[in-house]
Amino acid sequence: MKRVGFIGAGNMAEAMVRGLFSSGSFKKRDITLSDVDPERLSYMSSRYGVFTTPDNSETVMNSDVAIFSVKPQVLSHVCREVRNVATTDKLYVSIAAGVRHSFIKKLIGREIKLARVMPNTPSLVLEGASCVYFAESFSEEEEKFVIKIFGSLGKAFRLENEELMDVVTAISGSGPAFVSMFIEALSDGAVKMGLSRKLAIELAAQTVLGTSKMIQEGVGHPAEIKDMVTSPGGTTASGIHSLERASFRAAVISAVESATNRSLELSEEEE
């Protein structure tokens, strides 16, 4: 099992192609992409040397794993287009947010091995966080292969319950927007107090990156990291007081709750 096909050659597909090549386990001949945009196909072909085609059915036939890397609103059309060549000896992956596996299988019209994945935009710089839900009975080798594909974009986690995909969408899918707002707010505060915009953004972004790295590498729980830099009567304690007074944590929790509920609404609307 080696060949990977992407139906949809947008930014996320390009990130996956880069990730697969950077892993060292895939060659140009292993990748096929299809898209309705001939200019995009020309770019991907010239930039990465992969095989491209306007025919989605050809992509499925040329692949061991076919990845539906398209917007949710066009997934129905794509599934109907490839249903006649979607054989049961292949694996299928959908990264379309909010579209449940049962709906995709209904569109295909037969039992297939299908995984749902929620990648996020940091995948564009190979620092993504992807959750994979295996809807059918995949072999251990098949699961490892799918995890490997998305692990090449950063980190990939297995999700046991598809119902939790809406929460994943809220925290890792919408999360980059929330984190970006926090970085922007940090830099706004620094600019207000006299720092240049360029330096303020660089300091804020690096601080978020470094703090995340500390947590990932086991330096401490987020609460412990907070306590490490909070001295009695110090600047951090004063700043935390201001955040708590503004209901900072409650606002973030509400944002995740709201995004989760909206993802659930969109899932129901799609079906």
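What volume does the largest cavity have? I looked this up first, and the largest cavity comes out at about 40 Å³.

**Ground rules.** I am working on a predicted model, where local features need pLDDT of at least 70, side-chain atom pairs count only at pLDDT 80 or more, and totals for chains, interfaces and linings use all residues. Residues are numbered from 1 along each chain as its sequence is written, and side-chain values use heavy atoms, with hydrogens and water left out.

**Entry: the cavity.** I found one cavity of 30 Å³ or more. On a 1 Å grid over the protein atoms alone, a cavity is a set of points where a 1.4 Å probe fits but cannot get out, and lining residues have an atom within 4 Å of a point. Grid points are joined across faces, edges and corners, and a volume is the space filled by probe spheres set on the points. I listed Ser94, Ile95, Ala96, Ala97, Val99, Arg116, Val117, Met118 and Met165 as the lining. Strand 6 (residues 113–118) gives the most, with three residues; strands (E, at least two residues) and helices (H or I, at least four) are DSSP runs, numbered from the N terminus. By class I get seven nonpolar, one polar and one charged (Ala, Val, Leu, Ile, Met, Phe, Trp, Tyr, Cys and Pro count as nonpolar, Asp, Glu, Lys and Arg as charged, and the others, Gly among them, as polar).

Entry: Next I checked the second largest pocket, which holds about 970 Å³ of space; a pocket is an open set with protein on both sides within 12 Å along at least five of seven lines. Of its 39 lining residues, Ser69, Val70, Lys71, Pro72 and Ile95 are the closest to its centre. Helix 1, helix 4 (72–82), helix 7 (165–173) and helix 12 (248–270) each give two or more residues to this lining. I noted 18 nonpolar, 15 polar and six charged residues in it.

**Entry: helices 8 and 9.** How do the axes of helix 8 (residues 175–192) and helix 9 (residues 197–216) cross? I read roughly 135°, with the axes coming within 8 Å (axes are lines fitted to C-alpha atoms, for helices over the stretch in contact, and angles run from 0 to 180 degrees between N-to-C directions). Helix 8 and helix 9 are therefore oblique to each other (under 35 degrees counts as roughly parallel, over 145 as roughly antiparallel, 65 to 115 as roughly perpendicular and the rest as oblique). Their contact (heavy atoms within 4.5 Å) includes Phe182 and Leu186 of helix 8 and Ile201 and Val208 of helix 9. I count its residues as 11 nonpolar, one polar and three charged.
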